[in-house]
Amino acid sequence: MHIAGFLITLGVLFLAGLAADQLGRATHLPRVTTLLFLGLIAGNAGMGLIPLDVAMWFDEISIVALTMVAFLLGGSLTRENLVKHGRAILTISISIVVATLVIVPAGLTAIGVPFGLALVLAAIATATAPAAMTDVIKQSGVSNSFTETLKGVVAIDDAWGLIVFSIALVLASHSDGWATVTTTAMWDFGGAILLGCALGVPSAYLTGRLKPGEPMQAEAVGIVFLTAGLALWLEVSFLVAGMVAGAVIGNLARHHDRAFHEIEHIQWPFMILFFLLAGATLEIEAFGLMGWAGALFLFLRTVARLVGGYCGAKLGGLPRRQTRWYGPALLPQAGVAVGMALVAGEQFPHWAALIMAFTLASTVAFEVLGPPLTLMSIRRTADTDQQIGQ
């Protein structure tokens, strides 16, 4: 593609993101949803206005954007936040995973889906959409115990999902493949933790030294790109590596107030491209491949989120006014699930088409419908807090 056309396309996409932001303010819709719809209309499923050369950048942009999100979410796992909300974060995240692993396979096997396939689909269903969740929380302008707990749950939710997914692959595999799958899973997760610590510890002490008080943009961007690149090179989870590095920096960096504060200033352009291209690459045709089993899968994941979120909030001792809203708030699902589906498809070629159809359709549904429910849940808890305060 000619450089002029490439730059023109980028310029239009950034301006479209600005328009989506304003539309979200006017309609009270999450800008994530408006960006996805714009991408869907302009992409392959719609008018085909986004050139293929630009759409091909989606993987690279998503890695950078999600690594930034992982850093920010990891930075929220400070000692202070964990002391206040640690019990709730653990109970909600674990309850949702357990509910998903019980409800989804039970429902799918009841209609004849093989147990191994049902278990893999359930493990994929545990994944959330950290980028969408983070942006909706930021857009809401609400900062209370509900949003702080929500950020903590999102930060570790995909870590639990990765562990569960790895175990599901082992259980669904034949016995001769267990050793390979287990070793790969341990390296993917354990290696990411080691990488996050290896980068986070020196970064905690080195950032913010040139300009007292806060890290500079060059420092923040440099470490984000370094983390993402090394994670890909070492073939470990860049999400877990970014989250661990952010958590380490957030807890060890005592000479500046907020770890990687500058990331918040520069991440929005990446998020615009991420959500627009995500919408442009959505495959609506996947709905036609699922049938009634796919519709049941969407229903079961929703029920699992609602039940798990409610039970986890109850076990976490959270206020009654918040317990029913954690499930709806945690419905969004995005690219992490698709990545899991690709891995599962390689492991089980005979199920690959079904796994991708189920995952792509659920991603479309929950990525479009999830963020408005997240925003509604945040606003309901904020309104309740205000009423109690009055």
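User: Where does Thr374 sit, and which residues is it in contact with once neighbours within four places in sequence are left aside?

Analyst: Thr374 belongs to helix H17, which covers residues 352-389. Leaving aside neighbours within four places in sequence, its contacts are Met133, Val136, Leu150, Pro328, Ala329 and Pro332.

User: How many helices and strands does the chain have?

Analyst: There are 17 helices and zero strands. Of the chain's 390 residues, 56% count as buried. For contacts between residues at least 6 apart in sequence, 84% join residues at least 24 apart.

User: How do I read a pair of helices, say H6 and H8? At what angle do their axes cross?

Analyst: Look at the crossing angle: over 145 degrees counts as roughly antiparallel. The axes of H6 (residues 115-125) and H8 (residues 145-172) cross at roughly 170° and come within 9 Å. H6 and H8 are therefore roughly antiparallel to each other.

User: Which residues make that contact?

Analyst: On the H6 side they are Gly116, Leu119, Val120, Ala123 and Ile124, and on the H8 side Val164, Phe165, Ala168, Leu169, Leu171 and Ala172. By type, that's 10 nonpolar, one polar and no charged. For reading the spacing, here's a rule: an α-helix has 3.6 residues a turn, so residues three or four places apart point the same way.

User: And how many residues of H6 are buried?

Analyst: H6 is mostly covered, with 10 of its 11 residues buried. Among them are Gly116, Leu119, Val120, Ala123 and Ile124, which also take part in the contact with H8.

User: How should I read a positive phi, and what is phi of Glu235?

Analyst: As background, most residues other than glycine have a negative phi. Glu235 has a positive value, near 60°. Glu235 lies in the loop between H10 (217-234) and H11 (238-252), and it is exposed at 64% relative accessible area.

User: How many disulfides does a search of the structure find?

Analyst: Zero, across the whole structure. The test asks for a pair of cysteine sulfur atoms within 2.5 Å. As for accessibility, Cys197 is partly exposed at 32%, and Cys311 is partly exposed too, at 36%.

User: Last one: where does pLDDT stay under 50?

Analyst: Over residues 386-390, for which the model has one contact beyond four places in sequence. The general idea: where pLDDT is low, the predicted coordinates should not be read in detail. For the chain, the mean pLDDT is 77, and 78% of residues reach 70 or more.

Methods: Residues numbered from 1 in each chain as written. Predicted model: local features only at pLDDT ≥ 70, side-chain atom pairs only at ≥ 80, totals over all residues. Heavy atoms only, no water. pLDDT = per-residue confidence, 0-100. Contact = heavy atoms within 4.5 Å. Buried < 20%, exposed > 50% of the residue type's maximum accessible area, 1.4 Å probe, protein only. Axes fitted to C-alpha atoms, helices over the stretch in contact; angles between N-to-C directions. Helix = DSSP H or I, 4+ residues; strand = E, 2+ residues; numbered from the N terminus. Parallel < 35°, antiparallel > 145°, perpendicular 65-115°, else oblique. Nonpolar A, V, L, I, M, F, W, Y, C, P; charged D, E, K, R; others polar.
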